[in-house]
Every structure is written in structure tokens, then in C-alpha cells.
There are 2 protein chains.
Amino acid sequence: MKCSQDCRHCFRGLCIHRVPLFSSLSEENLVQIAGLIQHKNYEKGDRLISEGTTMESLIIINEGSVKAFRYTPAGREQRSYLFSEGDFFGEQYLFSDLKATYNVEALEAVKICMLTKTQLHKVLHTHPDVAIKLISELGKRIAQMENTFQSLGIRNVDARVATLLLDFASKYGEESPEGTVITLPISREGMANFLGIARETLSRKLSKFEDEGLIRSIDLKTLLVRDSGTLGDLAGLSD
Amino acid sequence: MKCSQDCRHCFRGLCIHRVPLFSSLSEENLVQIAGLIQHKNYEKGDRLISEGTTMESLIIINEGSVKAFRYTPAGREQRSYLFSEGDFFGEQYLFSDLKATYNVEALEAVKICMLTKTQLHKVLHTHPDVAIKLISELGKRIAQMENTFQSLGIRNVDARVATLLLDFASKYGEESPEGTVITLPISREGMANFLGIARETLSRKLSKFEDEGLIRSIDLKTLLVRDSGTLGDLAGLSD
DNA sequence: CTTTCTGCTTGATTTGAATCACAGCAATCC
DNA sequence: GGATTGCTGTGATTCAAATCAAGCAGAAAG
């Protein structure tokens, strides 16, 4: 199946074109790999991966977004990631026989592409470019995690909240004359878990930022960032 | 130069044999790659990498240990890693043109092996096995970081200290009839930075653990872990 | 051997976030 | 439309770790 201009109708080629991982490949190779890929859809709230499960595939998000999280021994959801279109995950487990150490849940309707363990191995062996790209992506992710580490180590909660807001602004924000409008992908509770702080504390911080004119809360799912400069200062000048 | 049984005297082959990264290679390939590797020695306190520098090589530690750290905007050392024999780092920067975002300093006399950007690319192209191994190692590192995330997100400082002690016990500890004797690679201040807590707090926690009979402080650089079971409970049953 | 310095401990106080408690609002269900 | 349920915001309180402040011990220097 050859891709026409509108990939939305070419399910095989769809995700592969979007994924930076395969961007270095020729059209011919793309089509070849596309044939190996399986597709699956999930509804909001569906579990894609559960802790302790054996992972057999690399998963690439084609449409929608998911959260990755764990439970603390006390049973609270904790420190999750958000993955959205073009992101991939599950690669850690494809080369070891470890079980998944986190859960992944759909935040909305989600379409994914899967490449199984053996197929990925084959691809990596025959296309070193893909391997290098994958290494590079993993490197980026590590660098990003190191950044997150830094902000985590900082006790200053204001800085963490500011960082999250700016992150969201760049990922989910849309520019408007008044500032950046963010459509929040997760609830306040979710954000608090993400930051490792109490729900109430997040509320208070957001209220404070609003009092200071840095943001404006449109409704529970929508936020306007009015002064990203000051937020940036807060995020950086921590400690 | 072919490796004899005692690799210590065969500088070219030395690190390559130790590094899991290259373990899948044939002796022939090993020798070939060994020829590309450069060696360097550092004294305690020497800087291997400075923030903002361009990284041109993958660095593999052959002997000794180093710490990786950043400075907070306020100028405090923060949240470092410890790398020792067989560990490698710097790979994130070899595929992007990013500058180093952390500093690396020798904690003792250190011998390293370096493989430059272009040489590594060449190796990865010609030896897909090495690429896959590298991907797998990076995956492991990510998994490990995710674990660290979890313990970081936990407010319970006791748990974090306990985790660190157990980590050190397995990395630097030696069994003795009374328990595991740890020769600490870093100062109290270093450990506190590592954990993201105040130096004083660490002191107090260690004193508390000692009162409870879990550990015994031999001298400032030596620690005896007497009850790793209870420490494990503390580390796990946090929050 | 004494002095000095550096890193460590211990105590007192402060601070900032967690927790507890409850009220308001929104969404869903009947 | 009204009721149940699940989020959210705010105030009061508690608590744990940071900070401030001495004091101590071991190492290096004179």
C-alpha cells in the first residue's frame, strides 16, 4: 500500500511517517517497515500497559495522549509522564526480559502503532540509521530526565509549578493576543501527582500566580499564561 | 596488539574487554575497535567535563570513579551521579550538537578510554550488535532513573537515605561478620547533595539510624551496615 | 606539639508544604 | 430538574526538614 498525499487514509504508513525514529529512511524502506506494524485503538481510561506485564512491543503514539505512572507503596499515583503524538515508549523492555515497571493509561481516544520485539531487532540490524536515531532519541530523553531531576531536587515548589506551566505551554499551548492558552491534558490532581506535591498546594500556587497576574484560569481545563517571562524567572532562579 | 591473559598490561584492549557495550563482539572486532580508542589519566579533583563544553567523545571508565554534577543557580552542587569502572557517559551529546549540561570530576585517580564521535558512528554502522547493546544499556539507565524518580518524589527522607545506603553497600561494600562495611566514595556533604537534602539533615538521619542499631559509623569514610533488612523495609515502605 | 582549617554533629528556631476539614462547583445519573 | 458523586478551592493545624548558630574532632600546617 503506497501512501498518497493524505496519510490519514493510509493507516499502514501513517505513524511511520510521523515518527522521527524512521525519518531517515527512504520511501521504499518505510513501506517495507510499515508492513510490519500493527495498529490498535484505545478509549479514554483504557490501560495500555500494566505494571508487571511482559512487554513485547515498541509502542508509538499515533493520535491522542497517554500518561505513564506508578503506584507508591501507599497506593498513590505517582510521577507520571505524558506521551503524545510521535512519542514512543516501551523500548527499555525489548532488549531485556524485564517486566514493565509502570502503567500506561489513555487520557483520550488513542491510536497506536506497535512493532514487536523480533521485528524491531530485525529493523535495527538491517537499518543502522534507525538504530542511531533511536540511540539519539534515548539520549535526548535521558538529557530531559536529567533536567527534570534538577528541578525535582529543588525544594522550591514555585519553580516546579512554573516549569510545568511552561512545559505545557510549549506542548499544548496556542498563542493568543493575551498570551498562551493551554488546554490542560490532565486534572489538577494529575498535575500535583506529576510534580510530587499535594493537590491543595498546587491549587494554592495557581491561585497565587493568578493573583500576581502571571496566569489566568479560564476554566478547569483551560489556562492562560499571561507572563511567561516572569514564570521563566521563577523556574530558573530557584533555590 | 593482542591481549594476553592479563589485560592490565595491554592498555589497548583493557577497557574494551570490561565494557559490556562491546561484549558481543568477536576477538577480531575487539582488536579492531581497540585501535580506535584513546586513553587518558586523571588525578583526584581533575575536571573531565565542564558544563557548556562541547563533547566529542564517548567516555568509558576504566579504573577509578567520578561524580557528575551540576550547579544550581544559587551555586550549590547538585544531584550528581557516580560512575565507576565499566560505566560510560557522554553518549547523549554524540548525536546532537548540544553542549554538556553537567560537570564530571574525578573522585580518585581515574583511567578512561575515549571513542570519538565519528569513530563511534563508524562502529555503530558496521556493528549493529554494538548499537543494540548500546540501546539496551541506555534503556537500563532510563529504567534506573525512573526508579530514582520514584524515590525522589517520595517526601520521606528516611527512605531515601536508606536507599542510598543500600546502593552504596552493593556497589562499594564488603561483607564482614558484623555486616557490610562501606568505604564511602563521597563526603557527607556530597551524599546530602546527591539526595537533595541539607547536610545537617543527613547527619541527623545517620545518627538516628545508628541509635536504632541499623548502622555503625566507623569513621567519616567508613560505615558498617548492620541491619540491611530493616533498611530495606524503610526504603520500600515509604510514604 | 600547638595552631588552624575544614568538615561534621547537635541544638534551637523558622518556614513551607502536607494534612485535615469543609464548602462550593461541575458533571453525571436517574 | 434534582440528587448523587467526584473534583476543586480555601482555611486551620501539624509536622518535617531547612536554616541559623554554636561547638567538636580530625587533618593539615606551622
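In the predicted model, the area buried between chain B and chain A amounts to about 4000 Å², and carbon and sulfur atoms account for 65% of this area. The elements of chain B that each give two or more residues to the side touching chain A are the strands β4 (66-71) and β5 (77-83) and the helices α3 (117-126) and α4 (128-153). Of these, α4(B) gives the most, with 19 residues. By residue type, this side of chain B divides into 18 nonpolar, 15 polar and nine charged residues. In total, 42 residues of chain B are in contact with 42 residues of chain A. The count of salt bridges between chain B and chain A is zero, and two residue pairs are in polar contact, both at pLDDT 80 or more.

Chain A contains an open sheet of four strands in the order β9-β10-β12-β11, with antiparallel pairing. Strands β9 (173-176) and β11 (215-219) of chain A stand at the edges; each has a single partner strand, so one side of each is left without a neighbour in the sheet. From one strand to the next, the twist averages 25 degrees. Strands of a sheet pair through backbone hydrogen bonds, in either a parallel or an antiparallel sense. The antiparallel pairing of β11(A) with strand β12 (residues 222-225) of chain A extends over four bridges. Here A:Asp219 stands opposite A:Thr222 in β12(A).

Helix α5 (residues 157-172) of chain A packs on this sheet and touches β9, β10 (179-183), β11 and β12 of chain A. The direction of α5(A) makes about 85 degrees with that of β10(A).

Note on methods. Residues numbered from 1 in each chain as written. Chains lettered and ligands numbered in written order. Predicted model: local features only at pLDDT ≥ 70, side-chain atom pairs only at ≥ 80, totals over all residues. Heavy atoms only, no water. Contact = heavy atoms within 4.5 Å. Buried area = accessible area lost by both parts, 1.4 Å probe. Salt bridge = Lys/Arg side-chain N within 4 Å of Asp/Glu carboxyl O. Polar contact = N/O pair within 3.5 Å; in protein donor to acceptor, adjacent residues only side chain to side chain. Nonpolar A, V, L, I, M, F, W, Y, C, P; charged D, E, K, R; others polar. Pairing = 2+ DSSP bridges. Axes fitted to C-alpha atoms, helices over the stretch in contact; angles between N-to-C directions.
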